[in-house]
Amino acid sequence: MSDWLWWRDGVVYQIYPRSFLDANGDGVGDLEGIRRRLDHLAWLGVDAIWISPFYPSPMADFGYDVADYCGVDPLFGTLADFDRLLADAHARGIRVVVDWVPNHSSDRHPWFVESRSSRTSAKRDWYVWRDPAPDGGPPNNWFSNFGGPAWTLDPKTGQYYLHSFLPEQPDLNWRNPELVAAMHATLRFWLDRGVDGFRTDVGHRILKDPLLRDNPPNPNVPEQYRNGFLGQLHLHDENHPDVHVAYRAIRRLLDAYDERMMVGEIYIMDGREVAKYLGDGDELHLSFHFKFVHAGFDPAALRREVEEFEALCPAKGWPTWTLSNHDVPRHATRFDHPSLGDARARLAALLLLTLRGTPFLYYGEEIGMRNVPVAEEAMQDPLARRLHPRLCRDGERSPMCWEPGPGAGFTAHPQPWLPLGPQPPRTDVASQCDDRTSLLWLYKDLLALRRAHPSLQRGDYRGLDAPDGVWSYERRSDGERARVALNFSDAPRRVDLGAGRVVAGRRTGAAPLPERAGAVELGPAEGIVAILA
Ligand code: GLC
C-alpha cells in the first residue's frame with residue numbers, strides 16, 4: 001500500500017528501559033542495551049518502539065518523576081547514546097516513540113525548586129498552589145492515585161501543592177501559558193532530534209476544574225473504599241473539557257512535522273470519553289482503552305469493548321489495542337491456565353494482531369513472560385510501598401529473558417534490579433528462536449502476515465455469529481477478506497470460516513492450515529486467521 005502509515009498500519013513494541021538489556025553491567029537496563037537488540041526487533045518485525053521514561057530522575061516512580069524533560073539519566077546513558085539508538089533504529093525502519101510526562105514533574109525539577117522557593121517566585125504558578133482550608137487541612141477532598149490526600153503542605157510558604165500521584169510528583173499547571181510554552185518546547189526538543197512520537201502519560205489529568213471543587217462520593221463502591229481514590233467520582237480532578245483544547249494545540253505542533261504521532265494514556269473507563277481524545281482527527285492520533293486491558297479472558301467482554309469502541313471511534317480516529325504494559329500484570333499471567341500451557345497467550349497474540357487498530361506489544365510478551373513474584377520486603381514499586389503490596393507492579397517489570405542461565409543474557413551483574421524468574425521452561429528468546437513452534441515464531445509469523453495483508457491492517461471489522469466461547473470476525477479491504485476465529489473455551493469447537501480458498505493464514509495450534517475455508521475444528525484456546533480468496 002503506497003499510503004502506508006507507520007502508527008496506523010504498523011505495530012508498536014513497548015520497552016521498559018530498566019529491564020530490556022543491561023549493557024554496562026550495573027544490573028539495570030540502558031539505552032545502549034536497547035540499541036544492541038534492535039536486530040531482534042527488526043527480525044521480529046515490529047514497526048516502532050515506545051520507550052518508557054529514561055529522563056534524569058530521582059526515580060521515586062522509576063522515571064515517571066522527571067527532573068529534566070530534555071536529558072537522559074546517567075543510569076540509562078547519555079543523549080549521545082539516545083541519538084545513536086535513534087539513528088540505528090531508523091536505519092532498520094523502526095520508529096521511536098518516547099514517553100512524555102506532562103501531568104507532573106519531579107519535585108527536584110528546577111521548575112518546582114524555583115516554584116516552591118517563595119509565594120512570589122516567577123514559577124509559582126507553574127504548579128498548583130493553594131492556601132489551606134479554614135481548618136488548616138488540604139484545600140479540597142481530592143485523593144492521590146497512590147494513596148492519601150492529593151495535597152502536601154509546604155511549610156516554608158504555608159501553602160499546599162497538588163500531586164495526583166506521589167508528593168515527589170507535583171502536578172504542573174496547564175492553565176499557565178508560560179508552562180504550556182515550556183512543555184511544548186520539550187516536545188520540539190525531541191521532535192527536532194528526530195523522534196517519531198510520544199506516549200502522553202496520564203493524558204486525561206493535565207487539566208482539572210479551575211475552581212478545584214470537591215469530588216462527590218462514588219455511591220457504587222463498598223464502604224471500605226470510600227475514604228480513598230476509588231471512593232470518589234472523578235468529576236473535577238481529571239478529564240476537564242479544556243483538556244481537548246490543550247491536545248488540539250499539541251496536535252498543531254506535531255502536524256508541523258512529518259508523520260509524528262501521540263498516543264494517550266487516557267485512563268478512563270468510559271469509551272465515549274476516551275474516543276473524544278481523538279477529536280476530529282485533530283487531537284491525539286491514538287488512545288489506549290483500558291476497559292479492554294481489564295476485560296479478562298472473556299470473549300464476550302473483550303468483544304463488547306472492541307465493538308463498542310468501533311462504534312464510538314470518530315471517522316478520522318483510529319483504535320489501538322494492547323493487553324499488557326508496565327502498570328498491569330502481564331496477560332500471560334492474567335490468562336494463565338493450569339494445563340493449557342501457552343495456548344491462551346498464543347490466542348491473545350492472534351487476537352491482538354488481527355484486530356482493527358494499532359497493536360501495542362509489551363516487551364517479553366512475545367516469549368510468554370509471566371509476572372515474577374517479588375517478596376514484600378524486596379518490593380521496589382512506590383505504589384506497593386505506600387498503598388498496598390497487592391498493587392505492586394514489579395512483577396510485570398522483570399528483566400527480559402534473552403537466553404537460559406544466570407543473568408538470562410540481560411545482565412552480567414549478580415543481582416539484577418528485579419528478579420529474573422521463575423519463568424516457565426524455555427521462556428527466553430534464544431530457546432524460542434530455535435523452535436519453529438514457539439510463541440516467538442507465532443508472533444513473528446503474525447507480524448509478517450499483518451504486514452503483507454491490507455485486510456489485516458486497514459480492513460473493516462465485522463463481528464460474526466459463533467458458537468459459545470468463540471469470537472469470530474471478518475476484516476475486509478481492497479477486495480481482500482480475512483476471517484478470524486478464536487476459541488476461548490477449554491474444549492474443542494467447530495467453527496465456520498465461510499467459503500473460499502485459504503491463500504495465507506496462521507493457526508495458533510499445531511494442525512496445518514486448511515486449503516479451503518468452511519468448517520474447521522479448533523482445539524481448546526486455539527485460534528485461526530485465514531486470508532480468503
Ligand atoms: C502512569 C504511568 C505509571 C506511573 C503514573 C504516574 O500511569 O504509566 O507507571 O506510575 O503514570 O506517573
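Student: Hi! At roughly what angle do the axes of helix α4 and helix α6 cross, and within what distance do they come?

Tutor: Hello! This is a predicted model. In this model, the axes of α4 (residues 79–91) and α6 (residues 177–193) come within 11 Å and cross at roughly 55 degrees. That makes α4 oblique to α6.

Student: Which residues make the contact?

Tutor: On the α4 side they are L79, F82, D83 and L86. From α6, the contact takes in F189, W190 and R193. By class, five of the contact residues are nonpolar, none is polar and two are charged.

Student: Let's move to another pair. At what angle do α12 and α15 pack, and how far apart are their axes?

Tutor: Helix α12 (residues 343–352) and helix α15 (residues 439–452) pack at about 15 degrees, and their axes are 10 Å apart. The angle makes α12 roughly parallel to α15.

Student: Left-handed or right-handed crossing?

Tutor: The crossing of α12 past α15 is right-handed. On α12, the residues in contact are A345, R346, A349, L350 and L352. Their partners on α15 are L439, L442, Y443, L446 and R450. This contact has eight nonpolar residues, two charged ones and no polar ones.

Student: How many residues of α12 are buried?

Tutor: Ten of the ten, so α12 is largely enclosed by the rest of the structure. The buried residues include R344 and R346, along with alanines and leucines such as A343 and L347.

Student: I noticed I528. Where is it found, and what is it in contact with?

Tutor: I528 is found in strand β18 (residues 527–532). Leaving aside neighbours within four places in sequence, its contacts include L350, R483, V484, L497, P514 and L522. L350 is also one of the α12 residues that touch α15. I528 counts as buried because its relative accessible area is 0%, and the cut-off for buried is under 20%.

Student: How far is I528 from R450?

Tutor: Their C-alpha atoms are 13 Å apart in space, and the two residues are 78 apart in sequence.

Student: New topic: aromatics! How many aromatic pairs are there?

Tutor: The count comes to 34 aromatic pairs. One of them is F20 with W402, which is edge-to-face, with 5.1 Å centre to centre and 80 degrees between the planes. F20 sits in the loop between β1 (12–15) and α2 (31–36), and W402 in the loop between α13 (382–386) and α14 (429–433), so the pair ties together parts that are 382 residues apart in sequence.

Student: Are those two buried or exposed?

Tutor: Both F20 and W402 are buried. For a contrasting geometry, Y267 and F290 are stacked, at 3.8 Å centre to centre with 10 degrees between the planes. This pair also links distant parts of the chain, 23 residues apart: Y267 is in the loop between β8 (261–264) and α8 (271–276), and F290 is in helix α9 (residues 290–293). Y267 is partly exposed at 26% relative accessible area, whereas F290 is buried at 1%.

Student: Last one: where does K156 lie, and is it buried or exposed?

Tutor: K156 lies in the loop between β5 (151–154) and β6 (159–162). With 65% relative accessibility, K156 counts as exposed. The C-alpha atoms of K156 and S117 are separated by 7.9 Å, and these residues are 39 apart along the chain.

Technical notes: Residues are numbered from 1 along each chain as its sequence is written. This is a predicted model: local features need pLDDT of at least 70, side-chain atom pairs count only at pLDDT 80 or more; totals for chains, interfaces and linings use all residues. Side-chain values use heavy atoms; hydrogens and water are left out. Axes are lines fitted to C-alpha atoms, for helices over the stretch in contact, and angles run from 0 to 180 degrees between N-to-C directions. Helices (H or I, at least four residues) and strands (E, at least two) are DSSP runs, numbered from the N terminus. Angles under 35 degrees count as roughly parallel, over 145 as roughly antiparallel, 65 to 115 as roughly perpendicular and the rest as oblique. A crossing is left-handed if the near helix is turned anticlockwise from the far one by less than a right angle, and right-handed if clockwise. Contact means heavy atoms within 4.5 Å. Ala, Val, Leu, Ile, Met, Phe, Trp, Tyr, Cys and Pro count as nonpolar, Asp, Glu, Lys and Arg as charged, and the others, Gly among them, as polar. Rings of Phe, Tyr and Trp (its six-membered ring) pair if their centres lie within 6.5 Å; planes under 30 degrees apart count as stacked, over 60 as edge-to-face and the rest as tilted. Buried means under 20% relative accessible area, exposed over 50%, partly exposed in between (1.4 Å probe, protein chains only).
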